[in-house]
Amino acid sequence: MHALALLAASVTVVGAIMVITRRVAVHAVLYLVVTLLALAAVLVMQGASFAAMLEIIIYAGAIMVLFVFVIMMLNLGQTDSTREKEWLRPRAWLGPGILATIVCAELLYCRRPLSGPAPALAPITAHDVGLSLFGRYVLMVELVSFLLLAGLVSAFYIGRNRMGRH
Amino acid sequence: MPAFSFNDTLLLATALFSVGLAGILVRRNMVFMLMSLDIMLNAAALVFVGAGARWHDATGQVMFLLILALAAVETAVGLALIVCLHAHGRPTLDADTGNLLKG
């Protein structure tokens, strides 16, 4: 693996670890944005520049803005952190953790590197993705539009219900 | 020689998925659980893109697009639920306090 690829991959994993260990939600959102940008770099290194663009625009742009808006609206208290800390005593997680480590070590020991012909070097462009998306998988696009419509309607309903009661 | 072989991609995706799963299991704050879900979805999408690059097929990126739409819907509905619960006067965002189905 190249040094740049190793760097991007480690930034991704370290950012994800920082996301789940932060106390303040806004700090976690910032680390999640860094994680997504590093993941976009990983995608570029795999020749999927179209997917990397979508990752930056939609994930790091739109969805993270949604998170920031909701965190601003929520005015979070810090009351749950003591319970979480109480749950994280070593007595609680040491046994399952050791067993899960054993199973994971078995998996890593038994894995075989994937062999076969070398992959083609040409990147997959947006042209190929568009041809595939609106050719073979056009039914999938319709189903995803249903899913997005259902999400829109349910989010609107939840918000409207709240305004009606109060 | 590409920068990422498929094995490296699988390892990275496994690490990301494990981190997200640990976040879901450990954190009780619902906002953090949603973020961990997003990390796990990203790991799954990374496997699709890596497989598409390995076998040089555009289907991997098509699946990436679909996962992106799924993640957007899941985040929007989840955050709407969180805002709704918070507006009903719940003082905490602890996921375990919602076990009585009373809103």
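Reader: How are helix 3 of chain A and helix 3 of chain B oriented to each other, roughly parallel or roughly antiparallel?

Author: Happy to start there. This is a predicted model, in which local features need pLDDT of at least 70, side-chain atom pairs count only at pLDDT 80 or more, and totals for chains, interfaces and linings use all residues. Residues are numbered from 1 along each chain as its sequence is written, while chains are lettered from A and ligands numbered from 1 in the order in which they are written.

Now the angle. Axes are lines fitted to C-alpha atoms, for helices over the stretch in contact, and angles between N-to-C directions run from 0 to 180 degrees. Under 35 degrees counts as roughly parallel, over 145 as roughly antiparallel, 65 to 115 as roughly perpendicular, and the rest as oblique. Helix 3 of chain A and helix 3 of chain B pack at about 0°, with axes 10 Å apart, and are therefore roughly parallel to each other.

Reader: Which residues of helix 3 of chain A and helix 3 of chain B make the contact?

Author: Two residues are in contact if their C-beta atoms, placed from the backbone, lie within 7 Å. Helix 3 of chain A contributes residues including A:Phe50, A:Leu54, A:Ile58 and A:Leu66, and helix 3 of chain B contributes residues including B:Phe64, B:Leu68, B:Leu79 and B:His86. For classes, Ala, Val, Leu, Ile, Met, Phe, Trp, Tyr, Cys and Pro count as nonpolar, Asp, Glu, Lys and Arg as charged, and the others, Gly among them, as polar. This contact has 19 nonpolar, three polar and no charged residues.

Reader: How many helices and strands does chain A have?

Author: Helices (H or I, at least four residues) and strands (E, at least two) are DSSP runs, numbered from the N terminus. Chain A comes to seven helices and zero strands. Domain bounds come from an automatic or database domain assignment; for chain A it gives domain 1 (1-76) and domain 2 (134-166). Taken over C-alpha atoms, the centres of these two domains are 25 Å apart.

Reader: Within chain A, at what angle do helix 2 and helix 3 cross?

Author: The axes of helix 2 (residues 25-45) and helix 3 (residues 49-74) of chain A cross at roughly 175° and come within 8 Å. The two helices are therefore roughly antiparallel to each other. Among the residues that meet are A:Val29, A:Leu32 and A:Val33 in helix 2 of chain A and A:Tyr59, A:Met64 and A:Phe67 in helix 3 of chain A. By class, this contact has 20 nonpolar, one polar and one charged residues.

Reader: Is A:Met64 buried or partly exposed?

Author: A residue is buried if 20 or more other C-beta atoms, placed from the backbone, lie within 10 Å of its own, exposed if 12 or fewer, and partly exposed in between. A:Met64, in helix 3 of chain A, has 19 C-beta neighbours inside 10 Å and so counts as partly exposed. Beyond neighbours within four places in sequence, A:Met64 contacts A:Val29, A:Leu32 and A:Val33. Of the 166 residues of chain A, 22% count as buried.

Reader: What does the largest nonpolar core contain?

Author: In soluble globular proteins, nonpolar side chains tend to be buried together. A nonpolar core here is a set of buried Ala, Val, Leu, Ile, Met, Phe, Trp, Tyr and Cys residues joined through C-beta atoms within 7 Å. The largest has 63 residues, and those with the most contacts inside it are A:Val42, B:Leu46 and B:Val49. Helix 2 of chain B supplies the largest share of this core, 16 residues. Leaving aside neighbours within four places in sequence, B:Leu46 touches residues including A:Leu39, A:Val42 and B:Leu12.

Reader: Where is B:His56 placed?

Author: B:His56 sits in the loop between helix 2 and helix 3 of chain B. Its phi is near 50°, a positive value in a residue other than glycine. With 15 other C-beta atoms within 10 Å, B:His56 is partly exposed.
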